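Work through the exercises below with the sequence and coordinates open. Each task is followed by a stepwise solution.

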Amino acid sequence: MRDVAVVAFAQSKHERRIEGYNEIEMMMPVVGELWDRTGLSANTVGFTCSGSTDFLAGQAFSFVTILDAIGPWPPISESHVEADGAWALYEAWVKLQIGEIDSALIYSYGKSSPGDLPKVLTTQLEPYSVAPLWPDSVSIAGLQARALLDSGKATEADLAEVAVRNRGNAKANPKAQLAGDYTVEQILAEPYLANPLRKHDCPPITDGAAAMIIAAGDLARELCERPAWIRGIDHRVEAHALGVRDLTDSPSTRLAGEKAGVGNAKVDLAELHAPFTHQELILAEALGLGDDVDINPSGGPLAANPIMAAGLIRIGEAAERITAGDADRAVAHATSGPCLQQNLVCVLEGEG
């Protein structure tokens with residue numbers, strides 16, 4: 001296995017609605033920041049891979065136009081995944097492992113504000129018996145939260161504590177969309193949005209973008225003083241039909257964590273892509289994260305949730321803390337689909 005590391009990460013300032021410029025203009029300064037920090041360019045980086053979904057743009061092959069933000073001429077080696085940017089990272093990581101390239105640019109973006117996001121996400125559901133009913137994403141998450149509470153594994157106060165911590169952590173994150181000091185009592189006094197979920201249990205609708213550069217071996221050390229080495233990465237998928245799996249557990253996350261090596265050594269922090277408060281509890285249990293692990297110091301997706309970029313951001317946030325020397329070993333997680341259907345786990349480490 002080649003040593004591959006995250007050497008640079010950048011993200012936009014996340015907002016409820018970005019008006020006045022399109023996805024290309026939203027992405028350009030983010031990618032430009034990486035070029036400035038590494039000295040690379042579209043023509044010198046070995047590979048480019050993006051993650052997005054045409055369902056947000058409402059236009060087939062919309063991702064092709066975003067290449068204008070990168071500069072695809074002269075022609076570059078490029079690919080795209082119809083998924084969160086974390087899966088674009090996985091594709092690029094595989095390409096580095098087989099020795100075809102030594103560096104890669106990964107970018108992802110989501111502009112959710114133009115449409116009805118909870119309804120758009122209904123298209124992820126099983127298409128024969130569930131999607132035709134058009135349940136929105138918040139209601140589906142509410143079913144999972146209710147199953148968790150009825151199982152006795154958590155209470156509404158536990159969910160509120162997750163919201164309080166994440167929104168409080170986000171105060172130190174200049175890119176966050178939502179941040180502030182709250183109390184459990186304040187949140188429990190809110191009306192239900194989709195019982196048992198309240199507004200603070202749910203992610204904000206977010207416009208935003210992120211980009212990352214990974215590199216192998218000596219090149220990584222040239223580009224970054226303290227690279228965040230990817231020591232393990234794996235992704236697994238649950239059954240599509242919600243009725244055939246236990247919504248209070250995430251065996252795919254558990255298996256991906258085992259394959260990635262989460263339990264091989266002490267974990268300093270974890271960035272979990274848990275758009276809803278109850279999902280953070282499910283993920284932490286599946287990954288075996290104890291009370292000594294700092295979970296979502298960035299505020300997580302409860303602070304900003306740009307669809308198709310939030311998972312890549314979790315990996316980038318964890319990598320940045322390793323590069324800064326604030327952590328030696330971190331776990332990052334990305335999810336996609338209803339009720340934690342697809343899960344990717346990445347273990348990052350710094351050098352002594």
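**Exercise 1.** Which elements do the buried residues of α10 pack against?

Solution. The model is predicted: local features need pLDDT of at least 70, side-chain atom pairs count only at pLDDT 80 or more, and totals for chains, interfaces and linings use all residues. Residues are numbered from 1 along each chain as its sequence is written, and side-chain values use heavy atoms, with hydrogens and water left out.

Step 1. Helices (H or I, at least four residues) and strands (E, at least two) are DSSP runs, numbered from the N terminus. Helix α10 covers residues 251-260, and its buried residues are Ser-252, Thr-253, Ala-256, Gly-257 and Ala-260. Buried means under 20% relative accessible area and exposed over 50%, with partly exposed in between (1.4 Å probe, protein chains only).

Step 2. Viewed down the axis of α10, these residues lie within an arc of 135° and so line one face of the helix. The arc is taken over directions from the helix axis to the C-beta atoms.

Step 3. Their packing partners are β8 (228-237), α11 (277-287), β11 (329-336) and β12 (342-349), where contact means heavy atoms within 4.5 Å.

**Exercise 2.** Identify the exposed residues on the face of α10 turned away from its buried side.

Solution. That face carries Glu-258 and Lys-259. After the helix comes Gly-261, with a positive phi near 90°.

**Exercise 3.** What does Ile-230 contact, leaving aside neighbours within four places in sequence?

Solution. The contacts are Val-4, Ala-5, Val-6, Leu-89, Trp-93, Cys-346, Val-347 and Leu-348.
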